[in-house]
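Here is a short report on a two-chain model. It begins with domains, then turns to strands, fold and interface.

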Amino acid sequence: MLALAYAALVAALLSAAIPLVLIDTEQSRGLVLRCLARWPPPSWQATTAQLDGQRFQSAIEYAAFGLLGCSGLAGLVAGLATLLADHTQVDQLPLGLPWLDWHLRLDPLAGFFLTLIGLGVVAVSLYGPGYVRSFRQSGHSFATLGFCTGMFVAGMELVVLADDAFLFMIAWELMSVASYVLVAFQHEHAPNRRASFLYLLMAVVGAIALILAYGVVAAFAHGFTFDALRAAPLSTTWASIAFGLALIGFGMKAGLVPLHAWLPEAHPVAPSHISALMSGVMLKVAVYGFVRFVFDLLGSIQWQWGAMTLVLGTASAALGALYAFQQNNLKRLLAYSSIENIGIVFMGLGLSMIFFAKGHAELAAIGLVAALYHVANHAVFKTLLFLQAGTILHQTHESNLERLGGLIKRLPRTSFIMLVGCIAISGLPPLNGFVSEWLTFQTALQVSALDSGILRSFIPVAAALLAFTGAVTAAAFVKAYGIGFLGVPRSRHAAHAREPFHTGMFAGPALLAVLCVLLGIFPGKVIAALGPISRALLGTDLASAYANGWLWLTPVSSRVASYSAPAVLLACAIAAWVSYRLLRAPKLAPVRDQPRWDCGFGGLDPRMQYTSSAFSQPLRRVFHPLYEIREQATREPRGHPLVTPAALDLDLRIGDRSWRHGYLPLAHSVEAAARQIGRIQTGNIRTYIAYSFFTLIALLAMVSS
Amino acid sequence: MTWLMSILETALFVALAPLFAGWVKWVKSLLQNRRPPPLVQPYRDLAKLFRKRPVIADTASWIFEAAPFVVFVTAIFAAGIVPFAIAHLPTAKIADLIVLVGFFALGRFFLTLAGLDLGTAFGGMGSSREMMIASLAEPAMLMAVFTLAMSAATTNLSQAIDWVLQTGLVLRPSFVFALGGLTLVAIAETGRIPVDNPATHLELTMVHEAMVLEYSGRYLALIEWANQIKLMLYGVLIANIFLPWGIAESLAPRDLAVGLGSIVGKLALLGIALPISETLFAKMRVFRYQEFLGFAYLLSVLGMLSHVILEVN
């Protein structure tokens, strides 16, 4: 199976290489034409004649995305086979440092995440060719986009395959840098440049934290391979330091509050299929890193670590949902909702760590499985939602909800797929988002097993916050769907939108929508497949969850809690069918189509609809201390104060509190420190020589003593 | 046999829901010195609505037509999993309390979408307020549910009722608080005074009615019926979780009769308490809801804490 994973890597690298021929399109097209001319079959001759510049570029795009799809498929198969067969394979490649070969390892945990990467990449490569075509007119080079996409995917695949700290960090940085270039792809807009710089800055800080975390463990180990790190005899203090650094490093990449500032800036400005990969897949790689580092490498988990993770996860979930609800830009809303979902994942991980540290491995397994299940779910529905947001952007050139509306009639297929994604992400039964949230609730309810009163009273509060998160998320997606897709069009672009022509732009999201349903209906199968991971990490699996057959999900025992998604679906289908048949009976009065109720005034226009910011106003008012709100209404009077004003302008900006209270002070203090340090830099060469001289003396004194 | 019983029980539940709504209305009219409508008036209204020719706005999409079905089906499903007169039903295993909350959320999701579907300001306003109430009520409700679930160590409703029956009549502070929290949530979620007024069509005071303003004919009938089911469902939840005595623990005819009689009696009492509170209190302003629901949440949290502090040995 490792060979297949290598094939995935090679295909990703090839797909990065192919777009490079577009750096000089004409020359490379001539080269290809000359090669094809030598080719004997006459059918090729006809093809050659038609290969003009446009077609050549199309062919390159298809080849690049085709190879990317192959890479995804190979990764998917390799990962899934490893996971299902519970099988571990290791290998060494003679690359890297002279004394440290690249160690690679494909075990069930890596296999699970490789499956998710593969899945996301397959969906994106189906979607991509149709989407990137629009960049041709705007003069953005596919060479950069294709190259970095390939490198980005290769980097993510390599991260999960890495079995030594050195390769892990190289792959991690490859992933970060490639995605930085992708975020900066449309760099002619100043906000994009700002967002990509912020992303790069935070990625670097996160990477430093990770290098230090590995460094702490490696200091006690004999080598950099993960096997050596696992065996390292760490004291609790040092392990806690390493854990804290890893939490910062991986949490920054995953977008945990308060380390999330880059995420809502960077994800929306990247091209949509890249946003889908970043939100749907790259955040999962960060979760992988966290699970690998904490559960596998550090071992001896302390309950305080779990409590910390739980607190951060809960904060991310609740704040992510609240901020997502206030966004008017569809892609920004999705980005904030990623923070919320990552928060739910970390809640599951935190609960698992608490239970594991307290010696309840079987309860810890529920938490871990809930977290991993949510990871899979989020990978599926967030990729879907970003791809659909991309379709909307592609077809209407708008991603501001205030300028959309009525798309369900113009784009019925896209809207239907989007609806499935919205229901799934809102955690509503019987789709997949509900199952993982249900499992997280069930984990939290096992709190009576703990002996600490503080934990016992804190964890249910966290669970209630999870319920709050679920309700706010549902509100956010009612808003996204209700304002964006329902109602009447609010702009000309939305009124004239059409379904995309390219079939791949449906195929990718439709595949994911089917998975949303399947993952929601057969939770037992998914949990059984996750068994090897929890056996490897916690020493026990969740066999009780599917002990009563595939129809039932019983995480602890059938007495404590049970849920049967197939039965729920069946019951609903029967009830819906019966009521539909009864109400559609031909003898009933037919429906009459009439204009909307306009209170007798007449002339409803699209601007009289409820707007996106009006929809979220009640919660904005209730939770105003959490938002940074600047609201300014200017009216242009028409003489008398009682007469309707000539113009009204509302300027509403809703910001993130953490920016002003966390990041800006930090940035200012860094700048102030830099200014202080800058004083020693006089520009006078004699002073510098004096510095060197005194440094040398000091070093000599240290060495001699 | 048990499956048949549970289907019968669900059908009975669905059929009785308008009667409960009629009872509430009857008592309320008496309390307000009005001549009460007959108890069967809701059935007549439903029958009339089913016969009438529905009007659908020309800006509606399929969501608008599908939403009443989703709302109605989720209500029936919820009625199916909540023990009504019999404590042990196979359907209670299909879905536990958290799934029940999830199903309410699913119905609400579609109803709020339908409110936004036509592009009228009324519908959007109703949806927006409904979502605010839901966001604040859901944590309070789950917190109350968790108090129960942690005491009984189960989220399965039948098992939880069993546990209450077995431990006998003990005054648990956690249950008192949870009962308070759940009652407030029930008032908010079913759109009763002081949160919403089901009897008005004034734009400033309505939430639920604003959302469904454009519905007519059989679509409106489905939504009304689903609402009546939901109202009775909260009543049954409160009655059967906190005071389950009398509920049938076997399928013997005598037990069944006692079970049915006791739940009808409890509902009748709740159906008197609700109109009394509705007559005594005035409707709140929209931005006082957070205080009301915050209080519900506080009660539920107190219930949870008193469970953790006082009741765990």
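## Domains of chain A

The centres of domain 1 and domain 2 of chain A, taken over C-alpha atoms, are 44 Å apart. Domain 1 of chain A covers 182-543, and domain 2 covers 667-704. These bounds come from an automatic or database domain assignment.

The model is predicted: local features need pLDDT of at least 70, side-chain atom pairs count only at pLDDT 80 or more, and totals for chains, interfaces and linings use all residues. Residues are numbered from 1 along each chain as its sequence is written, while chains are lettered from A and ligands numbered from 1 in the order in which they are written.

## A hairpin in chain A

Strands β1(A) (residues 89-97) and β2(A) (residues 100-106) pair in the antiparallel sense over 6 bridges. Strands are DSSP runs of E, at least two residues long; helices are runs of H or I, at least four; both are numbered from the N terminus. Pairing requires at least two DSSP bridges between two strands.

A hairpin of 2 residues links β1(A) to β2(A). Q92(A) stands opposite H103(A) in β2(A).

## Fold of chain B

Chain B has 12 helices and 1 strand. From the N terminus, its elements run α-α-β-α-α-α-α-α-α-α-α-α-α. The radius of gyration of chain B is 19 Å, close to the 20 Å that the globule rule gives for 313 residues, so chain B is as compact as a globular protein of that length. The radius is taken over C-alpha atoms; the rule is 2.2 Å times the number of residues to the power 0.38.

Along the principal axes, the C-alpha atoms of chain B fill a box of roughly 60 × 45 × 40 Å. Of its 313 residues, 61% count as buried (20 or more other C-beta atoms within 10 Å of the residue's own, with C-beta atoms placed from the backbone). Among contacts in chain B between residues at least 6 apart in sequence, 80% join residues at least 24 apart. A contact means C-beta atoms, placed from the backbone, within 7 Å.

## Where the chains meet

The contact takes 66 residues from chain B and 71 residues from chain A. On the side of chain B that touches chain A, elements giving two or more residues include β1 (55-57), α5 (97-117) and α12 (289-311) of chain B. The largest share, 17 residues, comes from α6(B).

That side of chain B divides into 40 nonpolar, 16 polar and 10 charged residues. Nonpolar covers Ala, Val, Leu, Ile, Met, Phe, Trp, Tyr, Cys and Pro; charged covers Asp, Glu, Lys and Arg; the others, Gly among them, are polar.

Strand pairing also crosses between the chains: 3 bridges join β3(A) (residues 592-594) to β1(B), and the two run parallel. R592(A) has V55(B) as its bridge partner in β1(B).

Notes:
Buried ≥ 20, exposed ≤ 12 C-beta atoms within 10 Å, placed from the backbone. Contact = placed C-beta atoms within 7 Å.
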